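Subject: The structure, and what I found in it

Hello,

Here is the structure I promised to pass on to you. Please open it next to this email, and my notes follow below.

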Amino acid sequence: MDISADLLVNAIVAGILLGGFYAAVTLGISISFGILDIVNIAHPAFIILGSYIAYIVNIRLGIDPIVIGIVATPFFYALGCVIYQVYYLAFEKRGQEALRGLAFFFGLLFITEVMLILVFGVDYRYVEAIYIGPSLHLGYADLPLRMLVPCIVSLLMFIGLELFLSRTFIGRAVNAVSQDQQALQLMAIDPIRIKRMAFGISIATCALAGALLIIIQPIEPSVGRQYIGRVFAICVLGGLGSLPGTLIAAILLGIVESITSTFYGPSWSPAVAFGLLLLTLAVRPTGLLGRR
Amino acid sequence: MRAPNLRMPAFILIAICISAAVYFGAKAMHIDYLFFAGYVVLQFVVMATAWNILGGYCGYVNFGTAAFFALGAYSTVALHKFDPMIDEIFSGVPATLLHAIFPLPIPALIVIAGIVSGLVGLGTGYLTLRLRGAFFAIATLALAVVLETLIVNWNFVGGSRGAYIIRPQTIPLLGSYIEYLFVTMLALATIAVCVARTIERSQLGFGFATIRDDELAAEASGVPTLRLKLIATTLSGALMGMAGAPFPYYIGYVEPNSTFGFAYAINAIAMPMIGGTTSWIGPLIGSLLLGSLQQVATVTISSAANLLIVGLLLVGFVILAPNGLVGLVENWVRRREQP
């Protein structure tokens, strides 16, 4: 195959932009699966929910999708707290998270998807904003604004959460709860409360991530499924619970996917994430910057 | 509710008698639609039982049911497409030999599909089962996406356009073809339930139970956990593939999007969860109830709404009745015995 430099540069640039966006999508999973050990496979479904909220408000009121995403964040936080409370009472407390907890999240994933299909149908939906369309040109490379803007917003969100988790008291407590729940209890902190907040935050990221998703591509309810493989591949490759690792892995996957779809056709790109996931699990299960 | 403690041959005999009764009962009604609807319910009996061998007995969740099912269906499609190509590839004696055995009868297709999906199950299990259970679940979830990508890009079996399978109208002995498919699936369901019950009461089943209860302790006491898990994954995957093998002949047209649909995954999980996962009877009850309910709901309401019902039932049951209907009945009996 003839690999021209021009095409390769563009594929890599597009991959970096895509990877930046993947970081935002994986952020929530990195907290819930990586730090809290909650295998929330319904996460991509909540991202799609965020996308549809951005869609409906954008179409009705014409507000910028990113603003909608930020406004929706507290509601998603509350939703996350409720889900964790149910999960804790029904599964974690009884020690049944392995089988029934997974089935619970699978059920949530399914219910969300079917509800969206019942309400919106299976047509592709998209949003309107000024930065969808034009692109910047830097030498060889094209930087479409509809990729660049989500990438920057995603990185800002990423840095914000990383600072929150490493600098603030609550953030450190979240990290502590994953290491030693009992020690936290001895210091008179309620681990369940901390976990609830952390899970709330992880779902809250879906509001903005969903808004970014619908800027990048038109969506329909089952798009979320392609992201299941991606988010877990990134999370595992980066190392569970390591946010910097997640960012590196996200950009890596973005580049590999972009090159695959440029040179072999976009219909192959969903398989890339899974290949990467299997490879990581087989060769280096701790990931790039793993703690275990 | 404790199933009567029968010896295996007696159980198999009873199972065969019940199956025969079901068949002749359905035949006596003279409604062809009954075979159509019954086939789907029986297919779910096989899927739910297969899922439960890994999920219920070992405690490992498989979300890739649709992938294994589709593997079975597509191995049939591939073999079906291979038939007219024999003369292009082979000549002389091999061609005559192949013409003698092609088109393959459905039982042979079922066996081949079982081998293919069993091997895929083994491979996925080998790569992910050495780690925590969650990784296996995630890998199976992603497996469906990848296999779908492969099929979409594989033009031989129709790619994303799908493939048509023209089935013969009649078959010797039984008459209508749908009746033949129904009997095949009935036999498969009977075999699946017997296999599940045999496992449950064998040393293998006890090994599976130790993995479910405490894998670390089992490993420490010398239970070969990885080998047992691989056996379970292979068996369960093979049975799911077998359930998928006759599907192209049933439906007449296969395309990736619906064959890999979430409907199979959610049903295969919901049915054992609602029935009860610890015993062979749970998935059987769950699939018969939920399968028949869906057949009615698809006709009377809509198919999207009926999937929503399945999802809600699954979530409701795992939260409120962790041991399913079997568990509810057991509790009720226990409470009546101790006033």
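The angles run from 0 to 180 degrees between N-to-C directions, and axes are lines fitted to C-alpha atoms, for helices over the stretch in contact. Helices themselves are DSSP runs (H or I, at least four residues), numbered from the N terminus.

This is a predicted model, in which local features need pLDDT of at least 70 and side-chain atom pairs count only at pLDDT 80 or more, while totals for chains, interfaces and linings use all residues. Residues are numbered from 1 along each chain as its sequence is written, chains are lettered from A and ligands numbered from 1 in the order in which they are written, and side-chain values use heavy atoms, with hydrogens and water left out.

**H1 and H8 of chain A**

Two packed helices are described by the angle between their axes and the distance between the axes. For H1(A) and H8(A), the angle is about 160° and the axes lie 8 Å apart. The two helices are therefore roughly antiparallel to each other. Their crossing is left-handed, a term used if the near helix is turned anticlockwise from the far one by less than a right angle.

Which residues meet here? On the H1(A) side they include Phe21(A), Gly28(A), Ile31(A) and Ser32(A), and on the H8(A) side Phe199(A), Ser202(A), Thr205(A) and Leu213(A) are among them. The residues of this contact divide into twelve nonpolar, four polar and no charged. In this count Ala, Val, Leu, Ile, Met, Phe, Trp, Tyr, Cys and Pro are nonpolar, Asp, Glu, Lys and Arg are charged, and the others, Gly among them, are polar.

Ser202(A), in helix H8 of chain A, has 0% relative accessibility and so counts as buried (under 20% relative accessible area, with exposed over 50% and partly exposed in between, using a 1.4 Å probe and protein chains only). Not counting residues up to four places away in sequence, Ser202(A) touches Gly28(A), Ile31(A), Ser32(A) and His43(A), where contact means heavy atoms within 4.5 Å.

**Two loop residues**

Asp37(A) has a positive phi of about 65° although it is not a glycine. It belongs to the loop between helix H1 (5–35) and helix H2 (43–61) of chain A. Is Asp37(A) buried, partly exposed or exposed? Its relative accessibility is 33%, so it counts as partly exposed.

Ala188(A), also not a glycine, has a positive phi of about 65°. You will find it in the loop between helix H7 (181–186) and helix H8 (191–216) of chain A; at 72% relative accessibility, Ala188(A) counts as exposed.

**Helix H9 of chain A**

In H9(A), 14 of the 15 residues are buried, so the helix is largely enclosed by the rest of the structure. Just after H9(A) comes Gly239(A), with a positive phi of about 100°.

**Across to chain B**

Pro270(A) is part of helix H11 (residues 269–283) of chain A and touches Val145(B) and Thr149(B), leaving out residues up to four places away in sequence. Between the C-alpha atoms of Pro270(A) and Tyr227(A), 43 residues apart along the chain, the separation is 8.6 Å.

Notes: Parallel < 35°, antiparallel > 145°, perpendicular 65-115°, else oblique.
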